[in-house]
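This briefing goes through one protein chain by topic. Look at the sequence and the structure first, then read the points below.

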Amino acid sequence: MDETKIKELISESVSAKKHAYCKYSNFPVGAALLCEDGTIFTGCNIENVAYSSICAEQTAIAKAVSEGHTKFKAIAVSSNQTENFGGNWDVIMTKPDMTYKMMKTSELLPLGFIYIV
């Protein structure tokens, strides 16, 4: 992916962050999803009083799928976070035949964040 497309995705994710509904956590997040055909769908996090939030990535993916897009190339995620949070625990990904692959959260998302309200 070229630098121009990367910057476009980042810009779109920053713009989407402005629409976040995060009055409980005050932690706005925006996402921009690039589909295989070049279409970009954006999303933001949406919270409710029961803390069953929808993350920005889910919103962008749901918008894309609801419009018939199911193949993706990249996603950009923006927040106001200035440092990494979270831990480094095991994630066990399984198949129906009970085979699995185990990786650390830092391997899956090395610059990831976890925000706990």
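This is a predicted model: local features need pLDDT of at least 70, side-chain atom pairs count only at pLDDT 80 or more; totals for chains, interfaces and linings use all residues.

Residues are numbered from 1 along each chain as its sequence is written, and side-chain values use heavy atoms, with hydrogens and water left out.

**Fold**
- The chain has three helices and five strands, where helices (H or I, at least four residues) and strands (E, at least two) are DSSP runs numbered from the N terminus.
- Starting at the N terminus, the order of elements is α-β-β-α-β-β-β-α.

**Burial**
- Of the 117 residues in the chain, 28% are buried.
- Buried means under 20% relative accessible area, exposed means over 50%, and partly exposed lies in between (1.4 Å probe, protein chains only).

**Cysteines**
- A disulfide is a pair of cysteine sulfur atoms within 2.5 Å, and by this rule the chain has zero disulfides.
- C22 has its closest cysteine sulfur in C44, 8.6 Å away, which is too far for a bond.
- C22 is buried at 11% relative accessibility, and C35 is buried at 1%.

**Positive phi angles**
- Most residues other than glycine have a negative phi.
- N26, not a glycine, has a positive phi of about 55°; it sits in the loop between α1 (3-17) and β1 (29-35) and is exposed at 59% relative accessibility.
- M98 has a positive phi near 75°, lies in the loop between β4 (90-94) and β5 (100-104), and is exposed at 67% relative accessible area.
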